[in-house]
Amino acid sequence: MALMAKAKKQAQGEQFTAPDIAQFVPQGMEDAVERIVAAGAKMMYSPQMRDEVMKQVQGDQPIATKLAHNVAGLLMVLDQKAQGGMPVQAIFPAAIGLMGEAAGVLQAAGQTVTQEDFNEAARMVFVLLAKKMGASDEQIMEQAGQFAGESGDNGDMGEATNDAEAAV
């Protein structure tokens, strides 16, 4: 029976597991990341956003696109509301945390989120946020390389970031 379950899981793609974002948080940015994720989750789950969240959940985009575009948009709204903006170093780790929350919403709505979907969304959100902040393609590639070097051999997220260079 376990063999059949494993084969089914492989056929569907590995089920999403939220990463421990602590490995991506720069020293001294822990509080900022935690506050951004909390503010984003509060907004995402607020009664005022219920209709918009349901509209996005029911959209026909691929799962990775839903995650990346909606989390990037949410972060841009939070940045506009924050006095003086959010610390740039905290934005990408917060995006990963919020994508974990958003993936949970999609799963609760009956949609399958695979690890591959999440990794693709991580690549996409990295590029989307960097572009929205005015980074050039060269700067994005440089940052992706630095991030990949820092994360070393941290599993799928390190691979996802390495692949971000190819996606630019």
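# Working chat: helices, core and contacts

Student: Starting with I63, which helix does it lie in?
Tutor: I63 lies in helix α4. Helices here are DSSP runs of H or I with at least four residues, strands are E runs of at least two, and both are numbered from the N terminus.

Student: Where do the coordinates and numbering come from?
Tutor: This is a predicted model, in which local features need pLDDT of at least 70 and side-chain atom pairs count only at pLDDT 80 or more, while totals for chains, interfaces and linings use all residues. Residues are numbered from 1 along each chain as its sequence is written, and side-chain values use heavy atoms, with hydrogens and water left out.

Student: OK. Is I63 buried or exposed?
Tutor: I63 has a relative accessible area of 13%, so it is buried. The cut-offs are under 20% for buried and over 50% for exposed, with partly exposed in between (1.4 Å probe, protein chains only).

Student: What is I63 in contact with, leaving aside its neighbours within four places in sequence?
Tutor: With L106, Q111, T112, V113 and D117, once those neighbours are set aside. Contact means heavy atoms within 4.5 Å.

Student: And how far is I63 from F118?
Tutor: Their C-alpha atoms are 8.2 Å apart in space, while in sequence I63 and F118 are 55 residues apart.

Student: Why does A122 count as buried?
Tutor: Because its relative accessibility is 4%.

Student: Zooming out, how many helices and strands are there?
Tutor: The protein has 8 helices and 0 strands. Along the sequence the pattern reads α-α-α-α-α-α-α-α.

Student: What share of the protein is buried?
Tutor: Of its 168 residues, 41% are buried.

Student: Which residues touch the most other members in the largest nonpolar core?
Tutor: V33, L67, V71, L75, M99, V125 and L129, out of 48 residues in that core. Each of α2 (30-44), α3 (50-58), α4 (63-81), α5 (88-108), α6 (115-132) and α7 (137-151) supplies at least two residues of this core. The largest share, 12 residues, comes from α5. A nonpolar core is a set of buried Ala, Val, Leu, Ile, Met, Phe, Trp, Tyr and Cys residues joined through side-chain atoms within 4.5 Å.

Student: Take M99 from that list. What does M99 touch?
Tutor: Not counting residues up to four places away in sequence, M99 touches L67, A68, V71, F118, A121, A122 and V125.

Student: Switching to α3. Which of its residues are buried?
Tutor: V53, Q56 and V57 are the buried residues of α3. Seen down the helix axis they fall within an arc of 100°, so they line one face of α3. That arc is taken over the directions from the helix axis to the C-beta atoms.

Student: Why would a spacing of three or four places give one face?
Tutor: An α-helix has 3.6 residues a turn, so residues three or four places apart point the same way.

Student: Which residues are exposed on the other side of α3?
Tutor: D51, K55 and Q58 are exposed there.

Student: And what covers the buried residues of α3?
Tutor: The cover includes α2, α4 and α5.

Student: Q56 is one of those buried residues. What does Q56 touch, not counting residues up to four places away?
Tutor: Q56 touches Q61, K66 and N70 on that count. Between Q56 and L67, which are 11 residues apart in sequence, the C-alpha to C-alpha distance is 9.5 Å.
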